[in-house]
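Thanks for coming. I have one structure to go through today, and I will keep to a few parts of it.

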Amino acid sequence: PRRSEINLLDRYALLAFMRENKINSVIFAAGRVGGIIANRDFPASFLDENAMLALNGMWAAKEADVERMVVFGSSCMYPVNGHQPFSEDALFTGTLEPTSLAYASAKLLTIQAAHAYNLQYPKGTLFIPVIPNSTYGPYDNFDSHSSHVMSALIAKFHHAKFAGHNEVQIWGSGKPKREFVFCDDVATACLALLEEVSLDLSLPFNITSEQEVSIKELASLIASVVDYKGNVTYDASKPDGSARKALDGGRMRNIRWWAKTKLEDGVAKTYEWYVK
């Protein structure tokens with residue numbers, strides 16, 4: 001259900017929906033998300049809403065006797081100075097990146113809550129926590145103030161092309177590296193986890209493409225897909241965020257899943273949808 005249909009911050013409304021519709025499995029992807037600007041400007045909202053959404057969703061699923069529920073963490077939960085690519089056992093071993101601290105705290109709570117429910121109610125709902133890397137694709141948020149870097153750059157290059165601007169300026173140095181995973185791949189990963197008979201739930205599951213690029217390389221790719229011919233500059237006075245957020249995908253490979261969408265193809269599909 002969309003938020004216009006049900007108030008996800010109301011656990012009793014969630015419980016009623018699950019019971020009335022006889023829900024047996026849930027992929028609970030609801031959340032308040034955004035890029036560096038949004039995280040900087042609304043930390044209390046990010047912490048409060050994401051914590052409430054997760055706790056309400058898991059409580060309702062347990063009360064409604066849902067069989068399995070996938071809940072979402074975030075790659076920003078990993079320690080900023082940890083060894084990369086991050087394996088799931090690196091959680092809680094170091095300091096978090098300051099620009100996303102509030103959001104990351106809510107997501108760490110989500111992972112811990114899933115673990116706590118599985119321990120306390122071993123015969124109840126099976127909660128499966130996942131940690132996707134930067135997800136993108138059709139139906140993403142392309143707003144310049146609240147979007148993540150992929151969708152923000154697609155929108156920026158598109159508008160610069162059609163407005164005839166000869167320069168696009170990008171926040172930060174362009175040096176940070178990121179992995180991007182296409183939305184369809186995240187969906188197939190969730191389905192694989194819902195269908196797998198035997199799961200090791202002592203740790204969450206990273207969902208990653210394991211295809212790493214710098215922000216400069218991403219900007220160059222997007223400019224090419226959009227066919228933008230102007231100059232690209234970088235404002236190094238603006239924050240970069242984490243220098244790198246690479247994830248180890250070994251636990252998903254153990255259940256015979258891997259991302260199939262190459263970055264070039266995913267960006268092209270996303271831009272095609274955005275133009276339409």
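This is a predicted model: local features need pLDDT of at least 70, side-chain atom pairs count only at pLDDT 80 or more; totals for chains, interfaces and linings use all residues.

Residues are numbered from 1 along each chain as its sequence is written, and side-chain values use heavy atoms, with hydrogens and water left out.

Start with strand β2, residues 68–72. Helices (H or I, at least four residues) and strands (E, at least two) are DSSP runs, numbered from the N terminus. Five of the five residues of β2 are buried, so the strand is largely enclosed by the rest of the structure. Buried means under 20% relative accessible area, with exposed over 50% and partly exposed in between, using a 1.4 Å probe and protein chains only. Side chains in a regular strand alternate between the two faces of the sheet. Here Arg68, Val70 and Phe72 point one way, and Met69 and Val71 the other.

What does β2 pair with? Strand β1, residues 25–28, runs parallel to it over four bridges, with Ile27 opposite Val70. Pairing requires that DSSP finds at least two bridges between the strands. β3, residues 126–132, is also parallel to β2, over five bridges, and Arg68 stands opposite Leu126. Between β2 and β3 the chain passes through helix α4, residues 101–120, in a right-handed β-α-β crossover. Right-handed means that, with the strands pointing away from the viewer, the path from the first strand over the helix to the second runs clockwise.

Now the spaces. On a 1 Å grid over the protein atoms alone, a cavity is a set of points where a 1.4 Å probe fits but cannot get out; a pocket is an open set with protein on both sides within 12 Å along at least five of seven lines; lining residues have an atom within 4 Å of a point. Grid points are joined across faces, edges and corners, and a volume is the space filled by probe spheres set on the points.

The largest cavity has a volume of about 70 Å³. Its lining includes Val71 and Phe72, and α3 (43–63) gives the largest share, three residues. The second largest pocket, about 160 Å³, is lined by 15 residues, five of them from α4.

Last, Ser209, in the loop between β7 (205–207) and β8 (212–214). Ser209 counts as buried because its relative accessibility is 17%. A polar atom of the Ser209 side chain lies 2.8 Å from the backbone oxygen of Phe180.

Key. A polar contact is a pair of N or O atoms within 3.5 Å; within protein, one must be able to donate a hydrogen and the other to accept it, and residues adjacent in sequence count only if both atoms are side-chain atoms.
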